[in-house]
Structure formats: C-alpha cells, structure tokens
Amino acid sequence: MYSVIHGIVLAVACLVVIVPLGYLIINSIKLPREFLTIPPTILPTEVTFEHYQDLIDDKKTVRYFQNSLTVSVWTTGVTILTGTLAAYGLARMRLSAKILALVTFIFLFIRFYPRVTTVIPFFLVMRQLDLLDTVWAIIIGQLGITIPFVTWLMLVVFQDLPSEIEEAAIVDGASVWQRFSRVVLPIVMPSVSAAAILTAFLSWNEFLIASSVARRKASVLSIAVASFVSDKGIQWGPMAAMSVVMIVPMIVFALFAQKYLIRGITFGAVKG
Amino acid sequence: MLRKPATWHRRHDVPWLIAFVLPAFFIVVAVQFYPLAYSAALAVQEWSLTKSQEPEGFVGLENFVEELGDETFRRSVRNSVLITGGAVILEMILGVCLAYLTMGSSWRMRAVRTTLILPMVIAPVAAGTLWRILLNYRAGLVNHLLSLIGIQGPEWLASPDWAIISVILLDTWQWTPFVLLVAGAAIASIPGDLLEVAAIDGASRWKTFLYIELPLLTPLLLLTLVFRMLESLLSLDSIYSLTFGGPGYSTYTMTFYIYTQGLRNFNFGAAAASSWIFMAFASVSIALVFWFQRKDW
C-alpha cells in the first residue's frame, strides 16, 4: 500500500515537470489559429514548423542566437583561463587561514549580493567606454560573475590535491608554470571541464546583465525570449519556438553532464 | 642536474603565483568592486537621466529618505517578502519530502531524479514565458485541467493576488529541485547504523526522522534556506517574463523595482539608494551563510 502511494506521488511529481515542457514543445509546432482556442488544443490537428521557419528566416533571431553563442564561448574561455590560474595561485600561496576566510567571504559576497546594485553603474561605465549594445559589454559583465565563481570552485579542488603530487616535480626543479601545466592540470582536467560546463550554462541563461547593456543589436536569446510579450500582444508561436531553442540545449547538457552541472549549481550549499 | 633546496623554490614561486592571480583580480575589481563603489556614490547624488546628462549634485541621504517613503518601494518590499517567504517555505517542505521519496540508486529512482531536476536547468526567463503560456486565463493548460475536475480557474496573471501566487508557483516549480538535491545529499550521508539502532530500539519511522535525522539535517537545511532566500530575492528574470511586475505594481519585487527605477526610468540616484537598502539586508544574510558554512555543528 505504501509503495503504491509512493509511486503515485513520484509519478505526479514527474508529470508536473514533464507536462509543462511537453506543452511548450507542442505549442511550438501548432497552427497559429489553435493558440487561443477554448478548450486549449492539446493535441494539434496539424503539425507545423512555421514558427521555427520564422525564427530562421528572421535575421534578428539568427543574430541573437549567434550573439548568445559568442557570449557563451568568450565568457567560458576567458573564465576558465583566468579562473583556473587564479585558483592555483591562491591555493599555492600558503595564505593564512584568516586571509583564506576573507577570500572565501569575498567569493560568497560576489555570488549573493544584489547584482542589480552594480548593474546601473556598469551600464554607465559601458556608456562612457562606448561599449553599450555590444557583445563585449555582456561578456565583460558576465566575467565579473563567472570568474570569482570558477576561482572558488577550482580553489577547493586545488586545496584538496595532495602536495606529494608536486613535490617530485619541485625536487626536479620544475618551475611553477611547468608544475601547473604538466603535473597539476592533467589531474584536475575533469574539474576544469565541470567548471567550463557550468560557466557556459550560467552565461547562456544569464539575463540581468545582458538586458541592461544590450537591448538591440547585441541582444541575446534570453532577452529575445522575454521580448515576445510586446505591445502587439503576445506572439505565442514564435515565443514558444524561441523558448524551445533556448531550453533544449540546456536539457541536453543536463542529461549528459548531470553530475557536473549539479555539483556546480549546489556548490557552496554542499561542501566539496 | 643541480638540485635547489625546496625553500628557494617557495620564495622563487611567489611572483609567479601572484602573476597567476592578477588577471582574475583585475577583472573582478573592475567589474565588481568599481561599480559597487560607483553605486555607493550614485546613492547620495541627485541624478535622473531624463533631466540631466550629468549628476546633479550631492544630496546626502535624501534619496534614501525619499525611497523609504515611496509607495511603490514599500509595496515591492511587501511583495518580495510574500513571494520569497511563500516560495522558500514550499520549496523546503516539498524538496525534503521528495528527497526522501527519491532515495535509492535503482535506475528508476535515478530516472525520476533526473526528471525532477530539469526545471532547474531551464533559463529562468524561459521558465517565465513557459508559465505565462500555461497560466493564460482563457486558453491556458492549467485552467483547462482545473475545469476538467470542475474548478473554475482564477485569472492567474490578471488579478493582483493570484499574480503573486503565480510567481510563487513558478519559483517553487523551478527551485524545489535545488532543495531536493541538497537535502538528498545530506540524507544520504547520515550513517545507516544510526537509523538501524533506532529501528531496533523500536522507534517509529516518524520518530526516527524527528529525533535523529532532523537534528542532523538542520544545519544544512538552514544553509539551504538562506541560499534559496537570497537567490529568490535577487531574481529578476522570471518575474520579468511572467508578469513584468504587473498587473499594475502588484508583483513588483525589490529587484524588479530597482531595475525599472534604474534602467527604465533612468532615475539613477533613487535606484542606487534603494539598492543599498536592499544590500544592507542581503549582507546580513550573506554573513549568515558564511557563518553557517564555517561553523562545526
């Protein structure tokens, strides 16, 4: 009896997740006239890909997609490079416990302070530098979030690495750079890829910074998804199709790199 | 080959290590700390871009006084408390329950867990649009399903009270998985023999939970609670795409209010001041997280 209830509860929970996502996909392939029917059209009479076709035909949405990719690639690349190096530097500096605690507090603060506080001055700085409405403004802004996060993530990884691994290399007279690139990096590569996956994920989904510095030319998918609710009313079809384009890569990511993604998302709440 | 003593290396290493840290350090200072200082400076100045291209001078705490007395600001605080409070409580309860129900490593449980985690990986802004479609009063799926069991669904996004509930539902839908994950990991780390002893002593499942597991889980659950509270307070994306603060000002949250003040009305002074009021509260919470993490329970 207990196991039956158990099964039902879990089935309902799964449905609560799957039905909305399935409905979104259905919406993205149904005819425009079936959008506001009563009762709602759950199984469309005819499948159409016109909403996707519209997205592909529209130069603007293609550019949004390209912008999103550009931003994610640059943000991830620069973050991994500088963040991993910084984490290694911090981990090997033999900082006192107090200073390490301070560093951790700074990471925690950057992760959780109301980002909307810095968005306005950031907008003004970008305006002064004449970078408003460029992908660079978005990338620079996101780096401020992702670099501390990755540094923190990798700091924990490097601290957990036994020092014997490097001692042999030290005795052989290897420089810091050689030790880092030839000895340590190959060992922590799985963590580096986890950090990269997580950075790409954060960057792809990011909205606040993108929407504050790049609303037109350099707009990205996250802004486009929100902008279908316009003065002309809601364009249901394209909105659903665009949401699918935005969501699907992340779901695929989640299915294949679940462990990494979870570790990143819950980082800070769960130790290690 | 000549071998150098290890201490020589330590000293020789330091410039290198500093060089490793510098690029990240400069970016973070330029993109985080400089704007933070800038924002503090804005908070004590009068500056509305619609009136002037340059700051209009030092006004001391006037912005703060004005904001604290502002009707919309107060309403946003109230909404934030309602939304975050409601959502986080629901998430904690549902998350812990689901964590217990999805224990185990059979393929079936793993499949269930993978499914339940999906909402969390969706961009919040897309989750907002998704629920906007679902909660449409006339043609939305939710009201259709309710009508099947004979309930006339409310005007989710058009009525001020239901709009708040809609935002809570969205937050709960998207972030219960977070609690599920964290609580799940914590439950799995409770030593099994502890529970066995309790069972042998004749404690019921409920009593075991209440007297053995809950006290062990409390520190982590508190940490998760503060974590979720901060994230929920700071989120802009989902409200932006679900209700855009509407109808009227009924789902304006702190973050949404500051965002519109600053980047829609371009009232920089006021936005900066209210963001620092918000910051004061957030800082206390962050300190709490820090303390939770470092304390050995």
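Tutor: From the N terminus on, chain A runs α-α-α-α-α-α-α-α-α-α-β-β-α-α, where helices (H or I, at least four residues) and strands (E, at least two) are DSSP runs numbered from the N terminus. This is a predicted model, in which local features need pLDDT of at least 70 and side-chain atom pairs count only at pLDDT 80 or more, while totals for chains, interfaces and linings use all residues. Residues are numbered from 1 along each chain as its sequence is written, and chains are lettered from A and ligands numbered from 1 in the order in which they are written.

Student: How many helices and strands is that in chain A?
Tutor: Chain A has 12 helices and two strands.

Student: New topic: how many residues of chain A touch chain B?
Tutor: 81 residues of chain A are in contact with 78 residues of chain B; contact means C-beta atoms, placed from the backbone, within 7 Å.

Student: And which element of chain A gives the largest share of that side?
Tutor: Helix α1 (residues 2-28) of chain A, with 12 residues.

Student: What are the dimensions of chain A?
Tutor: Its C-alpha trace spans about 75 × 65 × 30 Å along the principal axes.

Terms used:
Two residues are in contact if their C-beta atoms, placed from the backbone, lie within 7 Å.
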